[in-house]
Structure formats: structure tokens, C-alpha cells
Amino acid sequence: TQELYNNLCINGINNAFLVDYPMLDCISKKKIEEAKKSFNLPLDIPILGCIGGTSGYKGLDFLIDALNNVKKRCCLFVAGSVVGFDQDFIDERLKNENVKLILLLRRLSDEEFADAVQASDIIMLPYRNGFDGASGILIESLFHNKHVIGSNHGSMGDLITKYELGRTFETNNLEDLINKINMDIDIPYELTDKAKEYKRKLLPERFLELNKNVYELCMKFQ
């Protein structure tokens, strides 16, 4: 990522090359309404998707705490393998009657993963400080023309801000996350030209071209 590249340069490492990791995953073939129906999701309220394993660093518990304070109607859609938080934890933690809960807690096929992203209106990325890298689901969201609400730290926060991929909140700031969710439900975020520019940078063809250039340059020093 750009942030990791910048850190290398700051530390005097000047022989690094920045090659953005491309989008190599499935893209859903379903229309949005069809994808929602396939997971029995409601069609009349925003779907907040938390897609992937329920690892602690992804902040699902923190997201639920925020949703307990949201006054707007919405649906939390959690899909993926149980890694940390299980159904009992989620059921017990979520207490807001305005938030409908749909769970699909199992390993998803590549096609199901893509369909789950397609079925979501907002992809939630409330990652904790321990996670400082790039996010695969962030890229999947972009290629499904979805925006995100994500933590503002690390490479992920930098990418969301730089390429206007959604709204960020101050990491671990519950009130800020609550405000951003309420704001997004009232005024859904729209992807900008900068997001489309970033999507072009992630095409496999560009990845192959940049890697070819790096290898050709390295060969000159043999």
C-alpha cells in the first residue's frame, strides 16, 4: 500500500516499488435485489454488511455497540466463518429493536462472498488498531460499487480517505461511528471519480504490466 511504501522511504529504503494488489476475486453476477432476496434480507431498509470471518480485530463487537445507539431502522448482515464472535454473542450483544439481524455464520464460497457484498448497501469496516494493512473486502466493495464506513487508521483508512471510498470514523471512537452510521442512513455516500480512478489501478492487466517493469529493471542489475 502507499502508506507502507512511504514508511519504507522514510526509513531510508529507496529501492522499493509500489504495485497495488489487484482485484482477483469473484464479482457477483446477481442484481442487487436478487442478491438480497437470496439471503432473505429486507428490501426496505439499509443493509449494513459485515462480511468475512468474525475475528476480534474486525471490531464486530464495537460495531454492535454503535448500532445499539442508532435510532434509524437498518439491518445488520453478518456473513462468514465464526472465528471469534459466535451467534450467541451477537444475539446477546445486539439490543436495538430498530436493527434487524441476519446471520449467515459459515464459510462462504467465492460466489457467496461476492453475492453478500452485492446484497449490502454499506460495507462496515470498524477495524481495531491492531490491523494496519490493506483490506480485501475494501477492494471487493469498490468493484461492486459499494461504499464503506471504516476506521481511519493505517493503510485502510488512508485508502478510504485518499480515494474517497466512503466515510471514515476515528478508530475506537464510538460516538463518531454512531454519527457516521446515522449520517450514511440519512444521506447515502456516493462513490466519486477518485474511487473510479483507484478501481482502474487495481485491474489485473495493470498489475501484470507493473510487475513486468519491476522484473525487467531488476534484470539490469544481474
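Start at the lining of the largest cavity: eight nonpolar, five polar and one charged residues by class (nonpolar covers Ala, Val, Leu, Ile, Met, Phe, Trp, Tyr, Cys and Pro, charged covers Asp, Glu, Lys and Arg, and the others, Gly among them, are polar). This is a predicted model, where local features need pLDDT of at least 70 and side-chain atom pairs count only at pLDDT 80 or more, while totals for chains, interfaces and linings use all residues. Residues are numbered from 1 along each chain as its sequence is written, and side-chain values use heavy atoms, with hydrogens and water left out.

Select Cys50, Ile51, Gly53, Lys58 and Met124, which lie nearest the centre of the largest cavity among its 14 lining residues. Strand 1 (47-51) and strand 4 (122-125) are the elements that each give two or more residues to that lining. (Helices, H or I with at least four residues, and strands, E with at least two, are DSSP runs numbered from the N terminus.) The volume here is about 80 Å³. A cavity is a set of points on a 1 Å grid over the protein atoms alone where a 1.4 Å probe fits but cannot get out; a pocket is an open set with protein on both sides within 12 Å along at least five of seven lines, and lining residues have an atom within 4 Å of a point. Points are joined across faces, edges and corners, and the volume is the space filled by probe spheres set on them.

How many cavities of 30 Å³ or more are there? The count comes to two.

Keep Gln2 and Lys162 on screen and bring up two helices. Helix 1 (residues 2-10) and helix 7 (residues 154-162) have axes that come within 8 Å and cross at roughly 115° (axes are lines fitted to C-alpha atoms, for helices over the stretch in contact, with angles from 0 to 180 degrees between N-to-C directions). Gln2, Glu3 and Leu4 of helix 1 make the contact with Gly154, Ser155, Asp158 and Lys162 of helix 7, contact meaning heavy atoms within 4.5 Å.

Six strands form an open sheet in the order 3-2-1-4-5-6, with parallel pairing (two strands pair if DSSP finds at least two bridges between them). Its edges are strand 3 (99-104) and strand 6 (166-169), each pairing on one side only. Zoom in on strand 5 (residues 147-151), which four bridges join to strand 6; Gly150 stands opposite Thr168 there.

At their contact, Phe113, Ala114 and Val117 in helix 5 meet Ile137, Glu140 and Ser141 in helix 6.

Last stop: which element gives the most to the lining of the largest pocket? Helix 6 does, with three residues. Tyr21, Pro22, Ala134, Ser135 and Ile139 lie nearest the centre of this pocket, out of 17 lining residues. The pocket's volume is about 250 Å³, and its lining divides into eleven nonpolar, three polar and three charged residues.
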